[in-house]
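Good morning, colleagues, and thank you for joining.

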Amino acid sequence: MLKKAISQVQLREWQLEINDISAEFRLTIMFYQINAENSIEAICTSQGIDDHTQRQHQESLLQHLKSADAHSVKKVDQHFTVYHQPIRSSKGQIIGVITFSDKANAPSEQGLFQPLSAMQTRIADMLSNAIRYYINSLTIDSNASEPVSLDVDLQSFIDAFEEHMWVKDANGHYVACNKSVERAWRKSTEQIVGKTDFDLFDPRTANEFIASDKLAISNGSTVVVSECEEVDVNFNKVWLETIKAPIYNTQGQLTGVIGMTRNIAKHKEAQDQLILAANVFQNAVEGVVITDSNGNITEINQAFTDITGYSREEVIGQNPRMLSSGRHPKSFFERLWNTLLVQGKWHGEIWNRRKHGAIFPQAITISAVFDKLNIIQYYVAVFADISAQKQNEEKLKNLAYFDPLTQLPNRMQFMSLLEQEVNHSHRAKKQLAIVFLDIDFFKHINDSLGHVIGDEILVELAKRLSYALSDFDVLARLSGDEFVVMLPSIMGTDSVTSSVDRIRSVFERPFILDNTQSVRLTASMGVAIYPSDGDDHDSLLRNADAAMHRAKLDGRNNYAFYTESMTKQAVAQLKLQNALHQALVNEDFYLVYQPKLKLSDLSPSGFEALIRWSDPVYGNISPAEFIPLAEKIGLIWDIGLWVLKAACLQGVEWLTQGKMFERISVNVASLQLKRNDFVDKVRSILLETGLPAKHLELEVTESCMMNDPDAIIRDLKLLGAMGIALSIDDFGTGYSSLNYLKKLPIDKLKIDQSFVRDIPHDVNNTAIAKAVIALGHALNLQIIAEGVETVDQADFLRLNGCDLVQGYLYSKPRLPDELNEFLPMFRNNNNIVNEIKVK
């Protein structure tokens with residue numbers, strides 16, 4: 001029988017555990033054994049159960065045993081709910097049942113019990129699983145007349161466990177350990193058995209182990225002696241728990257200590273998640289309500305009570321329709337539930353009623369929670385009281401929201417919007433920026449051309465600024481020639497600088513007046529960022545204004561950040577922009593060339609032209625720094641044409657000198673390919689420089705296909721028809737559309753160096769490299785790998801059929817006069833000279 005099979009020590013521990021859980025989680029708990037003919041007998045019960053509750057548990061259990069349901073909730077009457085957890089023998093027979101119910105609120109309310117909350121149900125499952133785990137280790141059969149014995153020795157028993165298990169005698173000598181200990185300690189059983197902790201470990205560790213042995217002995221029962229984060233044999237971080245227990249013989253004498261260490265990482269993770277979820281749930285500013293699949297409330301948080309006025313006891317088990325204001329038609333809720341069931345989420349505004357009768361608006365998001373079978377188990381609603389927001393909206397209806405001239409928000413509306421966004425950023429812990437803009441010398445416009453013309457310019461400026469900003473940004477006119485922009489949810493200084501550049505771009509085009517006269521304007525701008533430059537809307541605007549005035553003092557047509565360090569960063573970027581413009585004028589750029597080699601015999605195949613910039617003030621500047629900047633400020637077109645022309649001229653010079661090469665490859669940015677006249681420019685440069693098209697190769701990135709791919713394919717075909725070779729650079733890092741790849745008139749695929757870097761040691765990169773080579777060859781393309789730096793990489797690529805390579809293993813990018821070893825001479829120089837002249 002179950003009760004007889006359980007040790008008295010274990011029964012006492014369970015009784016204490018049940019009492020503690022009952023008090024902590026307001027649970028009534030009863031543990032029964034099931035006898036013959038489904039009669040029941042209580043084994044453990046929580047303290048203080050009255051007769052009425054015991055009868056209800058017994059009646060519910062008897063009903064449960066009569067039904068075929070193996071695990072369910074049974075209701076004895078309309079107010080009482082009992083939760084059952086059966087325990088089965090190894091033969092599948094129910095030998096015990098643990099029953100749970102929510103404790104009554106007060107003695108006067110006996111019989112008025114509620115369903116278990118989600119937390120109570122989880123605790124009930126955890127307790128039941130713990131008891132079931134212990135009982136499953138016993139040999140129990142209610143129909144057996146004789147005890148069952150197993151022919152299992154101690155070593156076989158402990159070897160069956162994945163946990164580390166060991167046994168010591170009373171003198172501290174190890175007498176047994178399992179295979180898991182051998183692997184963890186990296187010692188065989190023969191090296192462990194018969195030894196003490198001082199023989200096996202350093203003195204500090206040995207003393208700790210001996211002290212924990214004494215703790216288990218003095219306690220007289222199983223104790224947790226250690227819980228810590230360690231690294232296992234595979235160098236993975238794990239949480240380990242060590243428990244020890246004394247061993248006594250039949251005479252009650254101490255014979256040794258048994259210990260076990262197990263990985264509790266999943267338990268720790270679950271425990272941390274539970275604690276975090278509970279804290280977030282209870283401390284959330286928004287109200288949260290959880291219902292079961294039938295829509296009945298199972299849990300709420302404190303914010304729910306604060307907003308609605310209803311306590312937890314008043315709403316548990318009720319339907320949320322108790323909050324209905326009657327303001328919404330039936331069709332509104334039909335659409336809500338339809339959206340929720342189809343999409344799993346609904347977001348909107350609902351008017352509900354507080355406990356004292358007042359109705360209020362709330363912004364609410366309702367989400368369905370599904371189980372593994374995609375069946376809805378719960379609904380979670382998160383809502384915020386937006387009464388204050390609605391009241392503010394009603395007040396603002398009676399005010400002038402917009403500037404009558406530009407139709408932009410005026411100061412009053414902007415400050416209201418800014419205050420709301422500051423509050424939102426505070427709750428979400430995000431940043432926002434304010435850009436204060438003042439037109440330089442606008443007074444001269446009014447004085448010379450008149451206020452009518454000045455107003456027309458302001459209207460046009462408002463339109464340009466609106467087009468330059470995103471839908472999330474807020475533009476307002478404060479007064480006269482002063483505008484302000486709010487940039488919500490910024491990601492950092494770079495995103496602010498990008499927005500400021502867009503604002504500055506609206507002043508690049510002149511303002512055309514009715515009499516065909518044009519006027520050019522500039523502006524001074526100041527930037528303040530929340531929360532570093534101000535924690536409320538007033539201080540933010542004030543500090544942005546101050547930053548704008550500093551920009552004026554610095555010479556106008558400029559911008560400044562309120563924070564000095566950010567201002568220096570912005571100034572540095574502006575200086576770099578100016579230097580880049582000047583570098584194009586002064587031709588401070590130069591080209592270096594990296595050889596491309598045939599992998600079969602390492603003979604030269606051609607070169608890749610790479611741009612470099614040596615500024616007289618800033619020195620050498622990396623392409624990784626100035627190329628993105630050139631794309632951002634619109635200089636990449638001019639720089640790209642310069643590179644193409646310089647490479648062609650160098651090719652002509654080599655050919656004139658009688659040096660032989662296949663092709664010079666030039667990188668083409670996606671912004672260049674988007675230009676309608678790109679093909680014409682390439683043709684013009686070839687005619688101007690005299691370089692035969694068969695010596696030119698253009699490298700384009702696959703991301704170019706993302707914007708108007710059909711037009712790009714058309715232009716590439718025109719270039720290919722001219723005799724220019726085409727290759728896809730950085731293949732595998734961008735769009736990778738095979739549908740367009742097969743249409744492209746390309747000759748080569750270049751494996752990006754990010755895939756080459758870790759081969760052959762990285763299995764993912766090796767697989768990708770093999771796939772690209774196989775794909776390219778299937779499409780009759782040559783494959784070139786860039787960034788080859790080791791012999792292992794080269795051997796792998798050669799073994800897998802790669803055609804061409806380039807990288808530091810063979811040569812770094814060099815100046816033209818340093819490449820003679822890769823430039824063999826023509827045998828007949830006259831032919832090539834004549835070819836150049838014909839071109």
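I shall go from the chain as a whole to a sheet, then to a helix pair, and finally to some backbone details.

First, the basis of the values. This is a predicted model, in which local features need pLDDT of at least 70 and side-chain atom pairs count only at pLDDT 80 or more, while totals for chains, interfaces and linings use all residues. Residues are numbered from 1 along each chain as its sequence is written, and side-chain values use heavy atoms, with hydrogens and water left out.

The chain holds 30 helices and 31 strands. These are DSSP runs numbered from the N terminus: helices are H or I with at least four residues, and strands are E with at least two. Of the 839 residues, 44% count as buried, where buried means under 20% relative accessible area, exposed means over 50%, and partly exposed lies in between, with a 1.4 Å probe and protein chains only. Among the contacts with a separation of 6 or more, 57% come from residues 24 or more positions apart; contact means heavy atoms within 4.5 Å.

Let us turn to the sheet. Strands of a sheet pair through backbone hydrogen bonds, either parallel or antiparallel. Here five strands form an open sheet in the order β12-β11-β15-β14-β13, with antiparallel pairing; two strands pair if DSSP finds at least two bridges between them. At the edges are β12 (297-300) and β13 (345-353), each of which pairs on one side only. From one strand to the next, the twist averages 25°. Axes here are lines fitted to C-alpha atoms, for helices over the stretch in contact, and angles run from 0 to 180 degrees between N-to-C directions.

Within this sheet, strand β14 (residues 359-370) and strand β15 (residues 376-385) run antiparallel and are joined by nine bridges. A368 stands opposite Y379 in β15. Helix α13 (residues 330-343) packs on the sheet and touches β13, β14 and β15; the direction of α13 makes about 150° with that of β13.

Next, the helix pair. How do the axes of α22 and α24 cross? The axes of α22 (residues 636-656) and α24 (residues 678-689) come within 9 Å and cross at roughly 30°. The two helices are therefore roughly parallel to each other, since angles under 35 degrees count as roughly parallel, over 145 as roughly antiparallel, 65 to 115 as roughly perpendicular and the rest as oblique. In α22, the contact residues include W637, L641 and L649, and in α24 they include F678, I685 and L686. By class, the residues of this contact divide into ten nonpolar, one polar and three charged. Ala, Val, Leu, Ile, Met, Phe, Trp, Tyr, Cys and Pro count as nonpolar, Asp, Glu, Lys and Arg as charged, and the others, Gly among them, as polar.

Finally, the backbone. The peptide bond from Y530 to P531 is cis, with omega near 5°, and P531 sits in the loop between β21 (523-530) and α19 (537-553). The bond from I759 to P760 is also cis, with omega near 5°; P760 lies in the loop between α27 (753-756) and α28 (763-778).

K429 is not a glycine, yet its phi is positive, near 55°. K429 belongs to the loop between α15 (411-428) and β16 (431-439), and is exposed at a relative accessible area of 75%. N780, likewise not a glycine, has a positive phi of about 60°. N780 is in the loop between α28 and β30 (782-785) and counts as exposed at 71% relative accessibility.
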